[in-house]
Amino acid sequence: MDELREAVREFAADHVAPLGEHPPADRFRAAFAAAARMGLTGVLIPQEYGGGGGSQLDNAVIAEELGAVDAGFAAALNLSATVPGLLLAAGTAEQRERWLPAAARGLILAGAMNEPSVAGSELFNPEPGPESGFRARAVRVGDGWRLDGAKAPWVTNAGVADAYIVFARTAWDRPGATSTSAFWVPADAEGLTVGPRSDLLGLRGGRHAEVVLDGVRVPDDALIGPEDGALPLLATSTPGMAVGLAAVFVGVARAALEQTLAFVRERRSWGRPLIDHQAVALQVADMEIEVRQARLLVTDAAAVVDGARLRTRRSPCRRPRRGPSRRRSPTPHARSGCTEPPG
Ligand SMILES: Cc1cc2nc3c(=O)[nH]c(=O)nc-3n(C[C@H](O)[C@H](O)[C@H](O)COP(=O)(O)OP(=O)(O)OC[C@H]3O[C@@H](n4cnc5c(N)ncnc54)[C@H](O)[C@@H]3O)c2cc1C
């Protein structure tokens, strides 16, 4: 087991397992802060902004280990750790300086996009007008924006987040795909309210709720990326989020396998442990194969995202670092900022 996997496994046992279902906000925040102190929340943030400078592969290892203990907490942390990808992809230098170091220190982030009564796939509806695409609206007022609308009760980290990336329409006369923009909205912004915690079938270690925007005012520099440009931004920066989420569920599958193994080794039938019956052993072997296949798929997808990132930016593996790093990442691999050994 590599150093990162081992460290996160220990962290999950100490800080995440005791959370249980529906932890109160203060306990959730305390566990999140402990993860931040370990460098888990900022693993994908470059070292120049105080992050770990790690790879999607590192994030997948973190997500799997947390997911094996609590998928809700793991998904919450994955979301917060990958949302800064929006700023890395399209934030101004000033926005990066302002928000990335805080994110690396453990700011809890949320992405508020999907809406009640609007299908998620509406983002791709080519029809113009308010009847297609999302309904939340952003209107220029003075030297800033006014946001109005409501987001579905699925918003991960709603109620514990320090800031929300809100997606809203900046025009009606074009399809949602070319008229949606992203805004940084602090949790304490006047007019932003969060609904009651959603009671989901699973993921109960995390928090999900509706987010309502009622005349929320944000300055002009809250706009992330180009006006109307949220869709291309999502396309370039969210694959890492999806890969991390997939890794969370590899963790869930692995935990199921581990519990199965413990049971079939302990439970006896006809004078021997269940695992010694070939029919049972074959089923467990199939489970193991499926878990490993899933992990390989996730690893492959993470490498693709890392490769894409390294192609679009100069590789940190070949670039001398500017200035000393302000914090240490959990692994030498993450510290190198390389997805492959430096050559
Ligand atoms: C645990 C959880 C956490 C979430 N966290 C967040 C979050 O943090 N932020 C956020 O904004 N959202 C969040 N969501 C919302 C999530 O992203 C959406 O639920 C997702 O995008 C799917 O959209 P939908 O539920 O509106 O499904 P729909 O888009 O309504 O789809 C419903 C079904 O219809 C099918 N369908 C839809 N349109 C078409 C079409 N045109 N042609 C053929 N088939 C179609 C779909 O494949 C699907 O089977 C979360 C959801 C869950 C369950």
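Visitor: Which residues are closest to the ligand, and how many surround it?

Guide: A residue is near a molecule if its C-beta atom, placed from the backbone, lies within 6 Å of it. Here 14 residues surround the ligand, and the closest are Met113, Ala119, Gly120, Trp154 and Thr156. Please keep in mind that this is a predicted model: local features need pLDDT of at least 70, side-chain atom pairs count only at pLDDT 80 or more, and totals for chains, interfaces and linings use all residues. Residues are numbered from 1 along each chain as its sequence is written.

Visitor: Which strands supply at least two residues of that shell?

Guide: Helices (H or I, at least four residues) and strands (E, at least two) are DSSP runs, numbered from the N terminus. Strand 1 (109-112) and strand 3 (144-156) each give at least two residues to the shell around the ligand. Strand 3 provides the largest share, four residues.

Visitor: What classes of residue does the shell have?

Guide: Ala, Val, Leu, Ile, Met, Phe, Trp, Tyr, Cys and Pro count as nonpolar, Asp, Glu, Lys and Arg as charged, and the others, Gly among them, as polar. In this shell, eight residues are nonpolar, six are polar and none is charged.

Visitor: Now the whole chain. How many helices and strands are there, and what percentage of the residues is buried?

Guide: The chain has 10 helices and 10 strands. A residue is buried if 20 or more other C-beta atoms lie within 10 Å of its own, exposed if 12 or fewer, and partly exposed in between, with C-beta atoms placed from the backbone. Of the 343 residues in the chain, 45% are buried.

Visitor: Which strands does strand 4 pair with?

Guide: Two strands pair if DSSP finds at least two bridges between them. Strand 1 and strand 4 run parallel and are joined by four bridges; leucine 109 has alanine 163 as its bridge partner in strand 4. Strand 4 and strand 5 (residues 180-186) run antiparallel, with seven bridges, and phenylalanine 167 stands opposite alanine 182 in strand 5.

Visitor: How do I read the length of a helix, say helix 8?

Guide: The expected span of a helix is 1.5 Å times one less than its number of residues. Helix 8 (residues 239-266) has 28 residues and reaches 41 Å from its first C-alpha to its last, close to the expected 40 Å. Its buried residues include Gly240, Leu245 and Arg254.

Visitor: What is the phi of asparagine 157, and where does asparagine 157 lie?

Guide: Most residues other than glycine have a negative phi. Asparagine 157 has a positive phi, near 80°, and lies in the loop between strand 3 and strand 4. Asparagine 157 counts as buried because 28 other C-beta atoms are within 10 Å.

Visitor: And aspartate 228: where does it lie, and is it buried or partly exposed?

Guide: Aspartate 228 sits in the loop between strand 8 and helix 7, and its phi is also positive, about 70°. With 17 other C-beta atoms within 10 Å, aspartate 228 is partly exposed.
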